[in-house]
Amino acid sequence: SVDGPSSQFVAQAKKFKAGVTVRNTGNTAGGGVSAKSIIGILSLGMSQGTVIEISAEGEDEKPAVDMLG
């Protein structure tokens with residue numbers, strides 16, 4: 001759903017200036033996607049219990065990872 005956890009996650013990611021990347025660790029062929037893109041997040045095919053990796057690069061990278069992780 002558009003109002004579900006994915007859209008809430010994207011809204012939180014957009015609060016940061018840093019580029020934030022999310023990767024589904026269970027998909028070895030897949031790369032990371034922007035945490036600020038709802039289409040990207042949905043394309044990861046995550047469900048409850050999926051293990052993800054969050055990385056960020058930019059001036060507020062540490063608070064971004066701390067808050068989103």
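## Basis and conventions

Helices (H or I, at least four residues) and strands (E, at least two) are DSSP runs, numbered from the N terminus. The model is predicted: local features need pLDDT of at least 70 and side-chain atom pairs count only at pLDDT 80 or more, while totals for chains, interfaces and linings use all residues. Residues are numbered from 1 along each chain as its sequence is written, and side-chain values use heavy atoms, with hydrogens and water left out.

## Largest pocket

A pocket is an open set of points on a 1 Å grid over the protein atoms alone, where a 1.4 Å probe fits, with protein on both sides within 12 Å along at least five of seven lines; lining residues have an atom within 4 Å of a point. The volume is the space filled by probe spheres set on the points, which are joined across faces, edges and corners.

The largest pocket holds about 320 Å³ of space. Its lining comprises 14 residues, of which Pro5, Ser6, Ile41, Met46 and Ser47 are the closest to the centre. Helix H1 (5-13) and helix H2 (38-43) each supply at least two lining residues, and H1 gives the most, with three.

## Salt bridges

There are three salt bridges (a side-chain nitrogen of Lys or Arg within 4 Å of a carboxyl oxygen of Asp or Glu). In one, the closest N and O atoms of lysine 17 and glutamate 59 are 3.8 Å apart. This pair links distant parts of the chain, 42 residues apart: lysine 17 lies in the loop between H1 and S1, and glutamate 59 in the loop between S3 and H3. Relative accessible area classes residues as buried (under 20%), exposed (over 50%) or partly exposed (in between), using a 1.4 Å probe and protein chains only. Lysine 17 is exposed at 66%, as is glutamate 59 at 68%.

Glutamate 53 and arginine 23 form a salt bridge at 3.4 Å, N to O. Their pairing joins strand S3 to strand S1 across 30 residues; glutamate 53 is partly exposed at 40%, and arginine 23 at 25%. Lysine 62 and aspartate 66 pair at 2.9 Å, both within helix H3 and four residues apart, about one turn of the helix.

## Aspartate 60

Aspartate 60 lies in the loop between strand S3 (52-57) and helix H3 (61-68). Aspartate 60 is buried yet has no salt bridge; lysine 36, the nearest side chain of opposite charge, is 6.7 Å away.

A polar atom of the aspartate 60 side chain lies 2.7 Å from the backbone nitrogen of alanine 18. Not counting residues up to four places away in sequence, aspartate 60 touches Phe16, Lys17 and Ala18, where contact means heavy atoms within 4.5 Å.

Technical notes: Lys, Arg positive; Asp, Glu negative; His and termini not counted. Polar contact = N/O pair within 3.5 Å; in protein donor to acceptor, adjacent residues only side chain to side chain.
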